[in-house]
There are 2 protein chains.
Amino acid sequence: MSRKNQTSELKSRVMEVALGHFSEVGIERTNVSNILNDSGCSVGSLYHHFGNKEGIAEALFIDGVNQFNSRLLEALLPRRTASNGIKAIVTFCCEWVTDQPELAGFLLSREVTLSDNAKLELRKMDREFGQSIYDWFVPHVRSGALLELPTSMYVPLICGSTLEYSRLWISGRNNRSPGAVASILAEAAWQSVKSSP
Amino acid sequence: MSRKNQTSELKSRVMEVALGHFSEVGIERTNVSNILNDSGCSVGSLYHHFGNKEGIAEALFIDGVNQFNSRLLEALLPRRTASNGIKAIVTFCCEWVTDQPELAGFLLSREVTLSDNAKLELRKMDREFGQSIYDWFVPHVRSGALLELPTSMYVPLICGSTLEYSRLWISGRNNRSPGAVASILAEAAWQSVKSSP
DNA sequence: TGCTTATTAGAACATTATTCTAGTATTTAT
DNA sequence: ATAAATACTAGAATAATGTTCTAATAAGCA
């Protein structure tokens, strides 16, 4: 196997192992030595590739956001009506969280403290993503199907309930998965942003 | 001053100082030595009173939840209609977060890992609080004013948007405070749980 | 007044993340 | 094909920092 492949496999293995520990006991309480043992990586390699423990968390975070963003766009952009679009967003979130609760829990936990570099990269990703989302929304606000609100309120109104429910489910405090109650959450989100008749 | 007062004042000072650091850089990244310097507490006293760093966070957390719960009940229980009650909950949350962003940010961050003891105490508090809330809700669900939903969904549906918006505001990503957009959040929450005509 | 107990103090300790130096393999250039 | 440069691996040594421990102090109480 080529050096490149070997290396990227080692990095993936470290990230996979780290995610398991992070989502179980949090970043602070997972020991670097456990990650090293479970992944078969050496101290030197780990610090060479990731800089420090937070660096692993950062890599996981950026990967996760990337994956989430691109799949969400796939789910949203084909929708032609406001109602279908809003419900598609919520339903997608529910399924995504239900499918990968470890990664979702990690992203939702907000325990990652990003380096300046990571912040920049994330901001760049966010701008592109935000633009696509914005372009989908504008016509529906113009047409009067959606309420006209301060821009920063759409995400909380549409996704807030779902994210809060997901946090509770991930931490084991309710039985039904987000996927199982997606239709309720989707309808509620739609009711809260549709413009009243 | 009596020993008792001196001690409780020291504890408050430590907690106040710790909250400042915690809300600024998180629990992990605040150094015990900084808390010691800024509060004038000694290593021995700190560990005598709080057990460890997490113990300070735990005390802050329990205090915060207690304060939040009792004030929320004061705001909710006098309301006679479903619509007024739901809006009172959301409005109260918005004002509470806006009034004490440090404490709110700390509670919302979920970085505290509770000891078994603290978990028990919190569960007890939660049961009492939950019961009062439940008693207020039941008649409005019976009367058909509110949707009948799985119990675990009311909190996310009513507070999810507000909490998500609050997190964003606290982390500096939008200008208007929750207090300033409370009416929008309250109306949205009401739309999402009122039973459709 | 003397005894008990809660509290204070900070030096010593233990844990754990990170650095550093040296060595090895792989690619790239000549 | 060989040499030079680079990327990577290794783990012992180090540094940072949370926590324990022993002794001293002072408040409350009989």
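**Where the chains meet**

Modeller: About 2600 Å² is buried between chain A and chain B, and carbon and sulfur atoms give 63% of that area. Buried area is the accessible area (1.4 Å probe) that two parts lose on being put together, summed over both. This is a predicted model: local features need pLDDT of at least 70 and side-chain atom pairs count only at pLDDT 80 or more, while totals for chains, interfaces and linings use all residues. Residues are numbered from 1 along each chain as its sequence is written, chains are lettered from A and ligands numbered from 1 in the order in which they are written, and side-chain values use heavy atoms, with hydrogens and water left out.

Start with chain A itself. Chain A has nine helices and zero strands. Helices (H or I, at least four residues) and strands (E, at least two) are DSSP runs, numbered from the N terminus. The C-alpha atoms of chain A fill a box of roughly 65 × 35 × 30 Å, taken along the principal axes.

Now the contact. Chain A puts in 28 residues, and chain B puts in 28 residues. Contact means heavy atoms within 4.5 Å. Two salt bridges are counted between chain A and chain B. Each is a side-chain nitrogen of Lys or Arg within 4 Å of a carboxyl oxygen of Asp or Glu. A:Arg167 and B:Glu164 pair in this way, at 2.7 Å from N to O.

Which elements of chain A give two or more residues to the side that touches chain B? They are α1 (3-29), α8 (154-170) and α9 (182-193). α8(A) gives the most, with nine residues. By class, this side of chain A has twelve nonpolar, eight polar and eight charged residues. Ala, Val, Leu, Ile, Met, Phe, Trp, Tyr, Cys and Pro count as nonpolar; Asp, Glu, Lys and Arg count as charged; the others, Gly among them, are polar.

A cavity is a set of points, on a 1 Å grid over the protein atoms alone, where a 1.4 Å probe fits but cannot get out; a pocket is an open set with protein on both sides within 12 Å along at least five of seven lines; lining residues have an atom within 4 Å of a point. Grid points are joined across faces, edges and corners, and a volume is the space filled by probe spheres set on the points.

The largest cavity has a volume of about 50 Å³. Its lining includes A:Leu157, A:Ser161, B:Leu157 and B:Ser161. α8 and α9 of chain A, and α8 and α9 of chain B, each supply at least two residues of this lining. α9(A) gives the most, with four residues. The lining has seven nonpolar, four polar and no charged residues.

The second largest pocket holds about 360 Å³ of space. Of its 22 lining residues, A:Gln191, A:Ser192, B:Gln191, B:Ser192 and B:Lys194 lie nearest its centre. α9 of chain A and α9 of chain B each supply at least two residues of this lining. Twelve nonpolar, six polar and four charged residues line this pocket.
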